[in-house]
Amino acid sequence: PIVLECWEFMKNFNDKLKLSEKKQTSKAIIVFQILSLHSGLFLFSDIMKPEMAKNSLEEIESCYDHLAKENKSNKVKAQPKYNDGEIVDVEPDWTEVLVDVFLSFLSRDSYLLRTVVQCVFRLLCEYLTPSAVGQILSVLDPDNDNNILSSKDEESDDDKNDSDNSDDENDKTED
């Protein structure tokens with residue numbers, strides 16, 4: 001049931017993209033088409049669970065809606081709201097959300113997903129904001145405490161050292 005529901009959602013979203021494409025041609029629309037079609041195809045594979053594909057499709061449509069609002073308002077972005085000098089109720093830019101979708105795709109162990117991200121990222125580069133680039137860099141930063149890459153590398157190094165130490169101890173015992 002969830003796969004069929006997601007498939008219908010994806011078809012309706014692509015119909016909306018086709019109508020939009022007739023009005024304007026944009027690299028961003030191509031990005032949304034590719035991502036939504038691949039997410040729809042991933043419903044039938046083991047690469048993604050249907051819930052993940054559904055969440056991705058919903059985020060992709062939400063990003064498109066934000067882009068369409070920006071285009072209608074002549075690319076005037078909504079200004080942040082301030083309360084006592086602090087920014088409140090700030091909604092992330094659509095590119096930041098798409099970068100988050102890309103990072104979730106890249107975290108999966110799938111060559112196909114990585115290839116899809118590689119292809120569409122090139123089309124999206126001109127729309128990236130500094131905070132979206134910051135998201136990417138924070139994942140790549142080895143000094144970041146929340147970095148997934150560095151924690152796995154450190155654990156594997158620790159495991160190597162532990163096994164080396166136990167081998168040395170076994171050698172000493174045998175002598």
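## Val3, partly exposed

Val3 has a relative accessibility of 23%, so Val3 counts as partly exposed (buried means under 20% relative accessible area, exposed over 50%, and partly exposed in between, using a 1.4 Å probe and protein chains only). Val3 sits in helix α1. Here helices are DSSP runs of H or I with at least four residues, strands are runs of E with at least two, and both are numbered from the N terminus.

What does Val3 touch, not counting residues up to four places away in sequence? Val3 touches Leu43, Phe44 and Pro50, where contact means heavy atoms within 4.5 Å. Val3 and Lys49 are 46 residues apart in sequence, and their C-alpha atoms are 9.6 Å apart in space.

## A word on the model

This is a predicted model, in which local features need pLDDT of at least 70, side-chain atom pairs count only at pLDDT 80 or more, and totals for chains, interfaces and linings use all residues. Residues are numbered from 1 along each chain as its sequence is written, and side-chain values use heavy atoms, with hydrogens and water left out.

## The whole protein

The protein has 7 helices and 2 strands, and along the sequence they follow the pattern α-α-α-β-β-α-α-α-α. Of its 175 residues, 27% are buried.

Take the contacts between residues at least 6 apart in sequence: 67% of them join residues at least 24 apart. The accessible surface comes to about 11,900 Å², and 51% of that belongs to carbon and sulfur atoms (areas come from the Shrake-Rupley method with a 1.4 Å probe; for residues, only the protein chains shown count as cover).

## Helix α1 meets helix α3

Back to the helix that holds Val3. The axes of α1 (residues 2–23) and α3 (residues 50–72) come within 10 Å and cross at roughly 20°; axes are lines fitted to C-alpha atoms, for helices over the stretch in contact, and angles run from 0 to 180 degrees between N-to-C directions. That makes α1 roughly parallel to α3 (under 35 degrees is roughly parallel, over 145 roughly antiparallel, 65 to 115 roughly perpendicular, and the rest oblique). The crossing of α1 past α3 is left-handed, a label used if the near helix is turned anticlockwise from the far one by less than a right angle, with right-handed used if clockwise.

Residues making this contact include Ile2, Val3, Phe9 and Phe13 of α1, and Pro50, Leu57, Ile60 and Tyr64 of α3. By class, the contact has 11 nonpolar, 1 polar and 7 charged residues. Ala, Val, Leu, Ile, Met, Phe, Trp, Tyr, Cys and Pro count as nonpolar, Asp, Glu, Lys and Arg as charged, and the others, Gly among them, as polar.

## Helix α2 and its two partners

Helix α2 (residues 27–42) packs with α4 at an angle of about 35°, their axes 13 Å apart. α2 passes α4 in a left-handed crossing. On the α2 side the contact uses Ala28, Val31, Phe32, Leu35 and Ser39, and α4 brings Trp94, Leu98, Phe102 and Phe105. That gives 8 nonpolar residues, 1 polar and no charged ones.

How do α2 and α5 run, roughly parallel or roughly antiparallel? Their angle is about 165°, with the axes 9 Å apart, and they are therefore roughly antiparallel to each other. This crossing is left-handed too. Among the residues that meet are Ile30, Ile34 and Phe42 in α2 and Leu112, Val116 and Leu123 in α5. The contact has 11 nonpolar, 1 polar and 1 charged residues.

## Thr95, buried

Thr95 belongs to helix α4 (residues 94–106). With 0% relative accessibility, Thr95 counts as buried. Leaving aside neighbours within four places in sequence, Thr95 is in contact with Tyr127, Leu128, Thr129 and Ala132.
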